[in-house]
Amino acid sequence: MSLLNKAKPVYEYIKLMGLDWFVFRVKYELLKKINYFDRVNEKILKKVSSCDMSKFYYKKIGLINDNFVGNKSFIEKADNASDGKIFAFSNEYFNYSEDGAINWQMNPVSKVKANSALSWNRLPDFGEYGDIKLIWEASRFPQVYYFINAYTTTKDTNYSNICVSQIIDWIDKNPYPQGVNYKCGQEISFRIFAWIIALEYFEDFVNKEDEQKIVQNIYTSLLRVDANIDYASKSVKNNHSISEAAGLFVGGLLFPQFKKSKYFVDKGLRYLLKETSYQVYNDGSYIQHSFTYQRLALDVLSFIIIVAKKLNFELPIELKQRHLKMIEFLYSLVQENGWLPNYGSNDGANLFPITIDNYRDFRSSLNLAVVVNLGYSLFEGHKKLVEFFSLEDKGTIELDKKIEFKDGGYYILKNKNFFSFIRSHSYKDRPASNDMFHLDIWSGDKNIFCDAGSYSYNTNKKFKNNFIGVIGHNTIMINDSNQMAQVLNFGYSNWTKAKCIGFSKNHFVGENYAYKKEFGIVHQRDTKLEDDKIIIIDNIKNIKKNTNIKQIWNTKFEVEVIDEYTLKVDDFIISSNIKYKLETSYISDYYNFYIEGTRIVFESDITENFEIKTLIEKKD
C-alpha cells in the first residue's frame with residue numbers, strides 16, 4: 001500500500017472528527033513533547049505539600065445505609081481479594097499477588113509489570129505490559145464493595161481492616177505521579193468513589209493517620225483529574241468526561257474544607273452540563289452506541305444525584321431530564337431476565353458491584369436510577385443498590401416502552417414470541433463497530449441471534465475483527481469487506497450512513513449505504529415480524545460485476561442441520577433461498593472473555609441485483 005493510500009483513511013478520520021478535535025490532539029502531543037505534564041505534576045505536588053494536614057479528613061454524610069445487609073456469596077470474593085485475587089470485570093478472578101502482597105502495576109495474566117518509576121504521562125496506552133485495563137482493574141477497587149458485603153453478613157472486622165490496609169498499601173506503592181494508575185482520569189474518579197464509600201462505611205476502622213493519607217491522595221487525584229479533563233472532553237468525548245466531571249463535582253461537595261472545593265464543584269457541574277448536552281441524544285440513546293457504556297454513564301449520574309440530595313445541593317433540571325431520558329431508552333430494551341442486547345463496546349465496567357445480579361442484568365441500575373429521579377422503582381426485587389444508598393422507594397411504577405429512537409437509530413419489533421431491534425443510523429459521532437443493520441433477535445430470555453460483543457481493546461487486529469467487524473453482527477457483508485476502514489486503535493475513516501424508509505410496530509424497511517462508496521452497492525433490509533416468525537428480505541442493489549454476498553447470523557445455541565438451506569437453532573428454524581456454511585463464532589459477554597458459538601453464513605456469488613429471503617420461525 002502506498003503512503004498516500006495509508007494516509008487517506010487517517011485524513012478522512014480527522015475530517016470526520018472535526019477541526020477542533022484535530023487541533024486539540026496536535027496541541028496535546030506537542031505539550032507531551034515539551035514535558036508540559038511534568039511541570040503540571042510538580043505543581044500538583046507543591047500544592048498538596050503546602051496544605052495543612054488537618055484539612056485532610058472526611059466527614060460522614062450518611063451516604064451509605066449503616067444497616068445494609070449484603071449477600072453471603074460475596075464472602076468468597078472478599079476472601080480472595082484479601083489474598084490479592086480480585087474478581088474482575090464482573091466475571092473472573094485475576095491474581096495480582098506477588099511475594100505476599102498486591103502488585104498494583106502488574107498485568108495479572110501476563111505477569112508483566114508497568115514501570116512504576118515513570119510518571120503517568122510518560123507511559124504508553126499500549127505498552128509491553130499488554131492490556132492496561134487488566135492492570136487498572138484492581139486499582140479501581142471493586143474489592144471495597146466485596147469487603148462491605150462480607151462484613152455486613154459476618155461482622156468480621158478482618159474485612160474492614162483489610163479494606164483499609166489495601167487502600168493504604170496502594171497509596172504507599174503509587175506515589176503521585178508515578179505509574180499507570182494515574183494515567184486515566186475516569187479510573188481515578190472511580191477509585192475516589194470507592195474510597196469515599198469505604199470511608200463512609202468503615203469509618204470506625206480508619207485511624208486518623210490513615211484517614212489523612214487517604215484524603216490527601218483523593219485531593220491529589222482531584223488535582224490530577226482537573227489538570228487533564230480536557231483530554232476526555234475534547235479528545236475522547238464519551239463517558240470518560242462525564243465520569244471525570246463527576247469526580248470533581250462529588251469530590252468538591254464532599255470535601256468542602258479543600259481550598260479548591262468550590263472550584264471543583266463549579267467546574268465539575270459545568271462540564272457535566274456540557275458533556276451530557278451532546279452525549280445524551282434527544283431520544284435518550286447515547287453517543288457511544290453501547291448499552292453497557294450507557295448504563296455506566298447512568299450509574300455515574302445517579303451517584304451525582306444521590307450525593308447532591310444528601311447535601312441539599314440543587315442540581316440543574318437539565319441533568320435530571322437527561323438522566324430520565326437515558327432510563328427510558330434502556331428500559332425500552334430490557335428483556336425478561338433483565339439483560340439488554342450485548343450491543344456495542346463493553347469494557348466490563350460496573351460502578352457499584354454490590355449486588356448478586358449478573359453483570360448483564362440492568363435491573364439494579366435502572367431501579368436505582370428511577371428511585372433517585374422519580375422516587376419509585378421499576379422492578380420488584382433488584383433493590384440492593386437502593387437499600388445500599390439508604391433511599392426511599394415509594395413502590396413500583398411503569399414507564400412507557402418506546403419502539404422507535406430516530407436520533408440514535410434503534411428500531412424495535414416485538415410481539416408475544418419475539419423481541420428484536422435493528423440498528424439503522426447515519427453516524428454523526430465516532431462509531432465503535434461495523435454493525436449497520438445488525439438485527440438482534442430474542443425470544444423470552446433467550447438471545448437467539450446476538451451481537452458478538454467487543455472482547456478486548458488490546459488484542460491482535462485479526463482476532464478483534466471477529467467481534468467489531470461485520471462478521472460479529474447479524475447483517476450483510478459484501479466482498480469480505482467491513483463496512484468501515486479502521487484507523488488507529490479506536491477510529492474509522494468512512495462512517496456508515498443508513499436511513500429508515502418505513503417503520504411500524506412489526507415492520508422495518510431501511511437502506512444501508514456502507515458499501516456504496518467502495519462498490520456502488522446499496523443494501524435494503526426489509527424485516528417483518530409476524531406471530532411466530534420473522535421474515536427478512538435483504539435486497540442487494542446496483543450490482544455491476546461479480547460480487548460475493550454473505551448474510552451473517554451469530555448464535556450461542558446448538559445448531560442442527562436440516563438441509564443445505566435450513567437449520568434448527570434451539571427451538572427455531574432458520575431457512576434461506578441460498579445455501580449456508582457454518583463457521584466458528586467468538587462471542588464475548590464480558591471483557592477479556594469469550595466463548596465459541598456458531599456463525600451461520602448464507603453465501604452466494606452474484607452478477608446482478610439479488611434478494612436474500614430468510615425466514616426465522618419459532619417451533620413448539
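Predicted model: local features only at pLDDT ≥ 70, side-chain atom pairs only at ≥ 80, totals over all residues.
## Ground rules

Local features need pLDDT of at least 70 and side-chain atom pairs count only at pLDDT 80 or more, while totals for chains, interfaces and linings use all residues. Residues are numbered from 1 along each chain as its sequence is written, and side-chain values use heavy atoms, with hydrogens and water left out.

## The nonpolar cores

A nonpolar core here is a set of buried Ala, Val, Leu, Ile, Met, Phe, Trp, Tyr and Cys residues joined through side-chain atoms within 4.5 Å. Buried means under 20% relative accessible area, exposed over 50%, and partly exposed in between (1.4 Å probe, protein chains only). The largest core has 187 residues, and Ile197, Phe389, Trp553 and Ile600 touch the most other members. Helix α12 (residues 291-310) is its top contributor, giving 13 residues; helices are DSSP runs of H or I with at least four residues, numbered from the N terminus.

Beyond its neighbours within four places in sequence, Trp553 has contacts (heavy atoms within 4.5 Å) that include Leu439, Phe449, Asn474, Arg599 and Ile600. A second, separate core holds 8 residues, among them Ala114, Tyr129, Ile135 and Val180.

## A glutamine in a loop

Gln335 lies in the loop between α13 (317-333) and α14 (363-374). Its relative accessible area is 8%, so Gln335 counts as buried. Setting aside neighbours within four places in sequence, Gln335 is in contact with Phe419, Trp442 and Gly444.

Conventions: Helix = DSSP H or I, 4+ residues; strand = E, 2+ residues; numbered from the N terminus.
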